[in-house]
Amino acid sequence: RHALKVFSTKLKENFLVLVCDLPGDTGSGPSSRNASVERGGERQSDTSDSETTDIRRINQQPFNREGRYDPNRFRLHFEKEGKEEVEKRKKLAREKVLQQVSDKELEVDINDIYPSEKGLGFPRRPSWNYEMTRESLLRKEEKSYRDYLDDLHSRNPPGSLSHFEHNLETWRQLWRVLEMSDVILLIVDIRHPVLQFPPDLYHYITGELQKHVVLVLNKADLCPPPLVIAWKHYMASQFPHLEIVCFTSHRGQPYSTVLQKKRMRRKADWSQAGGPLDILKSCQEITSGRVDLSSWEQKIQRDAVSERLDGERTDEGAESVLVEHQSDSALEMSSPSQELYKDGVLTLGCIGFPNVGKSSVINSLVGRKVVSVSRTPGHTKYFQTYYLTPTVKLCDCPGLVFPSRVNKQLQILAGIYPVSQLQEPYSSVGYLCERTPFLSILKLKHPSLQENERNQESEEPSWTAWDVCEAWAERRGYKTAKAARNDVYRAANSLLRLAIDGRLCLCLRPPGYSCLREHWENHPDLPEIMALQGRATEEEGTAERDDEEDGESSTEPEEERDRDADDDEDGDGDDEDEGFGHPRRSDDKPSGFTVNMYNVLRENECE
Ligand SMILES: Nc1nc2c(ncn2[C@@H]2O[C@H](COP(=O)(O)OP(=O)(O)OP(=O)(O)O)[C@@H](O)[C@H]2O)c(=O)[nH]1
């Protein structure tokens with residue numbers, strides 16, 4: 001920490017920016033996160049003072065090749081589901097015939113996800129003073145947290161709440177980030193922003209804390225531009241104090257195919273992101289001259305220039321950014337900063353659900369890869385601060401799942417749960433299939449049909465979620481090890497991953513979207529959104545570049561792949577010729593909208 005302080009001071013004086021790892025930060029010090037692990041008495045726990053036997057810990061701490069504990073993984077703690085409920089859902093997935101839902105059902109009102117009368121807040125830090133001992137403060141926090149849970153459960157009958165974070169330590173990190181930040185970047189996935197925007201958090205920040213929230217509508221590349229605009233307007237109408245920014249870290253990418261997924265990982269280029277300048281503009285608006293943000297603006301410009309010159313940024317040319325790793329002791333007896341923009345520095349806090357792309361946003365802002373990126377929810381490293389420039393600091397927070405009334409199947413499709421650890425993936429597959437034209441995209445053959453019946457003109461049999469998984473297993477050749485039967489569990493996992501990655505894309509819509517469709521499809525902001533997505537130019541150039549890259553091997557670090565136990569490398573990588581289109585529903589006719597987003601991936605790409 002001493003070394004870091006020295007660097008921090010130099011940083012301010014000379015604009016010397018360094019990447020710095022704490023030498024002793026292997027978890028052996030008494031105040032490190034590993035100390036928490038030791039305190040917890042279990043090597044693999046990230047501690048929850050509020051743990052009960054009803055908690056399921058998700059994301060087993062992985063061991064790397066040498067079998068060492070990885071301190072950077074933060075585990076989600078969700079309430080265990082009853083065996084009975086899981087079995088019931090499995091049965092339903094085998095029996096219920098899938099029916100396409102109406103477009104109206106894709107429209108989601110935020111008040112249905114977070115009804116105000118259900119007390120769906122988040123746990124607050126209880127008051128404290130310097131007279132209290134550390135132990136008494138911790139006890140008070142635990143009690144307050146238990147009271148919060150009791151209240152929540154008294155207002156919401158069993159089974160009605162979504163999965164949500166039960167690890168008090170994660171909430172403590174949120175408190176700390178809220179305390180030390182001047183402006184909060186609340187990051188959501190544009191495909192379903194209302195699932196990941198807890199109104200209580202917004203009201204707390206803008207009301208009680210009197211701070212600003214910048215809503216980052218991330219992964220804008222996965223959503224048709226009219227829908228991006230419609231969501232932006234909806235959120236602005238519901239939450240008038242928000243600054244709203246659209247963002248993508250995968251700018252100019254065609255809708256991904258299985259092959260493309262690997263390329264995106266290999267070619268992660270953070271300066272390609274669309275949106276950093278808009279975040280800066282929002283912050284300029286908010287700070288209105290109280291912080292000198294010119295160094296940030298220059299950094300963004302330099303990043304853009306170096307990208308144009310080099311095509312690819314190298315570590316040598318790129319600016320490095322100092323990273324300060326906060327220990328858990330930093331979460332304790334600290335006083336909330338009352339003073340905004342202390343020492344002329346703007347502190348931005350990054351908050352969001354798991355998998356919304358927080359790390360990718362941070363990487364894009366920082367300009368080089370300092371945070372590992374993972375598809376596995378809950379992967380963000382523990383509390384870290386990035387000194388972006390002498391006057392701009394970024395604070396990271398682990399992925400947080402707030403309680404809501406969203407249905408669990410949808411929640412899983414929104415990527416909050418490590419798919420490989422799902423007890424029952426089939427009902428989520430059913431939910432997905434009822435909302436996407438899965439048959440035409442996946443080109444499945446019903447398991448009840450014999451090979452010779454394939455092309456016969458018989459009536460299409462009805463499908464259950466189980467049938468879909470079975471047919472997908474058949475198509476991909478997923479077999480169980482013992483009996484060489486179709487591996488439906490693996491198939492279900494694979495389908496869910498396609499959805500989470502946006503390759504079998506389910507986008508929710510704001511209320512009234514269908515009625516106003518034409519309005520959004522002719523909106524004057526469309527060119528702006530398309531430019532952000534990097535789609536204003538034709539995809540041809542990208543395709544050429546893709547071809548050149550064939551056969552290159554991934555440069556993703558080995559450990560990174562090891563850590564992603566959730567990845568289905570072999571499964572997904574097998575069929576490099578396969579791709580899955582942005583689903584086109586019956587009414588997806590872009591009237592008057594000249595660039596057809598849905599044509600970007602044609603259905604026959606699957607063949
Ligand atoms: N298509 C698309 N995918 C993205 C974008 N940003 C992130 N992703 C993908 O989303 C997944 C999650 O990204 P992360 O940046 O690791 O998300 P996170 O919010 O930090 O996740 P946690 O560590 O779980 O909290 C990864 O597979 C990313 O490649 C984006 O702008 N567009």
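Predicted model: local features only at pLDDT ≥ 70, side-chain atom pairs only at ≥ 80, totals over all residues.
A crossing of two helices is called right-handed if the near helix is turned clockwise from the far one by less than a right angle, and left-handed if the turn is anticlockwise. The crossing of α8 and α19 is right-handed. Helix α8 covers residues 225–238 and helix α19 covers residues 526–533; their axes come within 9 Å and cross at roughly 110°. Because angles of 65 to 115 degrees count as roughly perpendicular, α8 is described as roughly perpendicular to α19. On the α8 side, the meeting residues are Pro 225, Pro 226, Val 228 and Ile 229, and on the α19 side they are Leu 526, Ile 529 and Met 530. Sorted by class, this contact has seven nonpolar residues, with no polar and no charged ones.

The chain holds 22 helices and nine strands. Of its 607 residues, 44% are buried. Among contacts with a separation of 6 or more, 77% join residues 24 or more positions apart.

Nine of its nine residues are buried, so α12 is largely enclosed by the rest of the structure. The buried set includes Val 361, Ile 362, Leu 365 and Val 366, and also Lys 358, Ser 359, Ser 360, Asn 363 and Ser 364. What do these residues pack against? Their partners are the strands β3 (183–189), β4 (212–218), β7 (346–352), β8 (384–389) and β9 (392–395), together with helix α10 (276–287). Just after α12 comes Gly 367, which takes a positive phi of about 95°.

Two of the strands that α12 packs against, β3 and β4, also belong together. They pair in the parallel sense over seven bridges. Within this pairing, Leu 185 stands opposite Val 214 in β4, while the bridge partner of Val 188 is Leu 217, also in β4. Strand β3 is mostly covered, with seven of its seven residues buried. On one side of β3 lie Val 183, Leu 185, Ile 187 and Asp 189, and on the other Ile 184, Leu 186 and Val 188, so that both faces are covered. Strand β4 is likewise mostly covered, as seven of its seven residues are buried.

Gln 210 lies in the loop between α7 (199–208) and β4. Is Gln 210 buried or exposed? Gln 210 counts as exposed because it has 9 C-beta neighbours inside 10 Å, and the cut-off for an exposed residue is 12 or fewer. The phi of Gln 210 is near 55°, a positive value in a residue other than glycine. Ser 288 also has a positive phi, near 30°, and is again a residue other than glycine. The place of Ser 288 is in the loop between α10 and α11 (294–310). With 7 other C-beta atoms within 10 Å, Ser 288 is exposed.

A loop residue can be buried too, as Ser 249 shows. Ser 249 sits in the loop between β5 (243–246) and α9 (258–266). It counts as buried because 26 C-beta neighbours lie inside 10 Å, where the cut-off is 20 or more. Ser 249 and Gly 430 are 181 residues apart in sequence, and their C-alpha atoms are 30 Å apart in space.

How values were computed:
Residues numbered from 1 in each chain as written. Axes fitted to C-alpha atoms, helices over the stretch in contact; angles between N-to-C directions. Helix = DSSP H or I, 4+ residues; strand = E, 2+ residues; numbered from the N terminus. Parallel < 35°, antiparallel > 145°, perpendicular 65-115°, else oblique. Contact = placed C-beta atoms within 7 Å. Nonpolar A, V, L, I, M, F, W, Y, C, P; charged D, E, K, R; others polar. Pairing = 2+ DSSP bridges.
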